[in-house]
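Subject: Handing over the structure

Dear colleague,

Here is the structure that I promised to pass on to you, and my notes on what was found in it follow below. Please keep the model open beside this email while you read.

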Amino acid sequence: QVQLVESGGGLVQAGGSLRLSCAASGGFFSNYIFGWFRQAPGKEREFVAAIRWDGRNTNYADSVKDRFTISRDNTKKIVNLQMNNLKPEDTADYYCAAMRQFTWVHTVYTKPAAFDYWGQGTHVTVSE
């Protein structure tokens, strides 16, 4: 069983930056693909970014590419999402998720249903 706890959300002006962190406990951290998803009011949960179990591959939604960076520290059991040049449309609840997987398949890790474990979420508000 893996427990995930997100932190780092808050209020920021457009163009600003935030760094979200996801601390994991339980399970063998290095065996998991981690993803960040977000959900805005009235919208479905959407893929933001994912990182392979060994950190050698990452992938981003087109809407955040070149602005967000996902990283992981397998020793500290932390996954970070650095968000730069934030836009009002980035406003959402952000969720960290993990799945035990050793295949890196785009059609899998971009789907919320593929992930086994979820954090409680952290809210990000980007003002004009």
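**The hairpin of β4 and β5**

In the hairpin that β4 and β5 make, with six residues between the two strands, Gly42 takes a positive phi near 80 degrees. Before going further, please note that this is a predicted model, in which local features need pLDDT of at least 70 and side-chain atom pairs count only at pLDDT 80 or more, while totals for chains, interfaces and linings use all residues. Residues are numbered from 1 along each chain as its sequence is written, and side-chain values use heavy atoms, with hydrogens and water left out.

Seven of the eight residues of β4 are buried, so that the strand is mostly covered; buried means under 20% relative accessible area, exposed means over 50%, and partly exposed lies in between (1.4 Å probe, protein chains only).

**The open sheet and the disulfide**

An open sheet of four strands has the order β1-β3-β8-β7, with antiparallel pairing. β1 (3-7) and β7 (68-73) stand at its edges with a single partner strand each, so one side of each has no neighbour in the sheet. Neighbouring strands of this sheet are turned by 15 degrees against each other on average, direction ignored, where the axes are lines fitted to C-alpha atoms (for helices over the stretch in contact) and angles run from 0 to 180 degrees between N-to-C directions. β1 and β3 run antiparallel and are joined by five bridges, and Leu4 stands opposite Ala24 in β3.

The structure holds one disulfide, a term that stands for a pair of cysteine sulfur atoms within 2.5 Å. Cys22 and Cys96 form this disulfide, with their sulfur atoms 2.1 Å apart. The pair links distant parts of the chain, since Cys22 is in strand β3 (residues 18-25) and Cys96 is in strand β9 (residues 92-100), 74 residues apart. The torsion about the S-S bond is about -75 degrees, so the disulfide is left-handed. Cys22 counts as buried because its relative accessibility is 1%, and Cys96 counts as buried because its value is 0%.

Ile78, in strand β8, touches residues that include Cys22, Phe29 and Ser71, not counting residues up to four places away in sequence; touching, or contact, means heavy atoms within 4.5 Å. At 27% relative accessibility, Ile78 counts as partly exposed.

**The nonpolar core**

A nonpolar core is a set of buried Ala, Val, Leu, Ile, Met, Phe, Trp, Tyr and Cys residues joined through side-chain atoms within 4.5 Å. The largest one has 39 residues, and those with the most contacts inside it are Leu4, Phe34, Trp36, Leu81, Met83 and Tyr94. Its largest share, six residues, comes from β9.

**The aromatic pairs**

Eleven aromatic pairs are found in the structure. Rings of Phe, Tyr and Trp (its six-membered ring) pair if their centres lie within 6.5 Å, and planes under 30 degrees apart count as stacked, over 60 as edge-to-face and the rest as tilted. The rings of Phe37 and Phe115 have their centres 5.2 Å apart and their planes at 75 degrees, so this pair is edge-to-face. Phe37 lies in strand β4 and Phe115 in the loop between α1 and β10, 78 residues apart, and both Phe37 and Phe115 are buried. The rings of Phe47 and Tyr109, with centres 6.1 Å apart and planes at 45 degrees, form a tilted pair. Ring pairs link Phe37, Phe47, Tyr95, Trp104, Tyr109, Phe115 and Trp118 into a cluster.

With best wishes

Notes: Pairing = 2+ DSSP bridges.
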